[in-house]
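Here is a friendly walk through the place where two chains come together. Please have a look at the sequence and the model first.

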Protein chains: 2
Amino acid sequence: MTVWDRPEPPTRPAPLDRERIVAAAIALADEGGLEAVSLRKVAARLDVGPMRLYQYISTKEELFDLMVDEVHAEILPEEQPGDWREVLRTHADRTRQATLRHEWLADLLGGRPTLGPNALAVTEATLAALDGLADLDTVMRAVETVSAYFTGAIRREIANLRAERATGLSKRDWQRAYGPYVSRVLATGRFPALAKVVHDGTEVDAETSFATGLDWVLDAVAAKLARPSA
Amino acid sequence: MTVWDRPEPPTRPAPLDRERIVAAAIALADEGGLEAVSLRKVAARLDVGPMRLYQYISTKEELFDLMVDEVHAEILPEEQPGDWREVLRTHADRTRQATLRHEWLADLLGGRPTLGPNALAVTEATLAALDGLADLDTVMRAVETVSAYFTGAIRREIANLRAERATGLSKRDWQRAYGPYVSRVLATGRFPALAKVVHDGTEVDAETSFATGLDWVLDAVAAKLARPSA
DNA sequence: ACTGTTGCGATACACCGTATCGGCAAAATA
DNA sequence: TATTTTGCCGATACGGTGTATCGCAACAGT
């Protein structure tokens, strides 16, 4: 018996670990959305039986938590700009960019407290940038207000993007985008203010809309940081 | 043969319609959360085969849309206070109250464009209150910024509430609430700013936190409505 | 070499959303 | 009125899901 007829040992798949599981799940979600992530498919992508995953995660929700935290590694900026305002804006922008790369993040954003190490690091960086600018309560309110804003704004942006995509790529025009339904409703005359907006409103791209709202909120925060009592 | 031995006609269940379906689904969701809503259970609650529902809705997502719109009927205030600021604040508050009554709404808020009749009525009322205070673009930005804020804030509030509930009703204390994990992480010293907040931060109840942030955002909006260019 | 232990994969269960189809009752026609 | 047509509604079925359970096989220890 020579080497040639001795069968090769089966090439072991790379050893399994949380990181590989999360990476596979994220790949799946990037391709087909959150609903395309099933434990069976994740396992299949790793050439492994589904039950194997339960040694590393105890529930599907936990996997989602890990995915969210993994993306927070992309959100944490490599080097912090100095100004508190720049820090908050950057946090918002990077979260938005990450969500545009991983649209499924919009479905998870704000859905659970984020306590993973990467998310904590992001929070830490933000808090550090605001440290000492006002009393703790004011600082907390500032951080939470800004993050409530961008969480909501990002979710809406993705929601609209999906709707446009679903109704067939029509972008500018509500009436054509959402089909005859909206036109019919507006034609009833029961929604004059809405009709005016749809008719006369100029189209603003999502990015500047996001940035403008963010600037407003940051202005508000600036005022409160200056005079915490107000 | 008398009346007495003639069998009664089988008591027809009330005729099915969208409204009854949505009501059943909402009841289910109120009791057990969104995940407790399945077409089979909704149908069972109406004494009907599951397939029957497909005459009124074409997909489960559509049912969710209907549920959201139904709740918007609770959100629309019966009579509008006059001031634009009061209108926006009321919209935010009523949305929050509705979400506290129907926690599952937090999972859906901002997830899809809301185009149902009740949601449109709410938007109409809001836009009407701001009509003429500034150019259309500024007004839109105002409405969207405020609603991005309260959407995000409500979602976070419910997320925290659920986490507290899940970790066993401990409220004030992160360390005990989220278990030894957070304490351990904070003990590493890698998150000094966070540790300071956890250690020194005073507990603020969710409602005032929500209201404070909302006031900040409204202040910002007021400034922009006054000087639209700024 | 034999035995004990432990981790892993196959199997199983209950449930899900929804496509399909067959029969029955009511409505329309002759 | 008798007959045909139509349209609705329920049963059945399919392919999927998350996860509990359990038996076996490979390894470790004596």
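## Where chain B meets chain A

Across the interface of chain B and chain A, 18 residue pairs are in polar contact, with both residues at pLDDT 80 or more; a polar contact is a pair of N or O atoms within 3.5 Å, where within protein one must be able to donate a hydrogen and the other to accept it, and residues adjacent in sequence count only if both atoms are side-chain atoms. The largest share of chain B's side, 19 residues, comes from α7(B), a helix spanning 136–166. Helices here are DSSP runs (H or I, at least four residues), numbered from the N terminus.

This is a predicted model, in which local features need pLDDT of at least 70, side-chain atom pairs count only at pLDDT 80 or more, and totals for chains, interfaces and linings use all residues. Residues are numbered from 1 along each chain as its sequence is written, chains are lettered from A and ligands numbered from 1 in the order in which they are written, and side-chain values use heavy atoms, leaving out hydrogens and water.

The contact (heavy atoms within 4.5 Å) takes 59 residues from chain B and 59 residues from chain A. On the side of chain B, they divide by class as follows:

| Class | Residues of chain B |
|---|---|
| Nonpolar | 30 residues |
| Polar | 15 residues |

A:Lys224 forms a salt bridge with B:Asp219, their closest N and O atoms being 2.8 Å apart.

How values were computed:
A salt bridge is a side-chain nitrogen of Lys or Arg within 4 Å of a carboxyl oxygen of Asp or Glu. Helices (H or I, at least four residues) and strands (E, at least two) are DSSP runs, numbered from the N terminus. Ala, Val, Leu, Ile, Met, Phe, Trp, Tyr, Cys and Pro count as nonpolar, Asp, Glu, Lys and Arg as charged, and the others, Gly among them, as polar.
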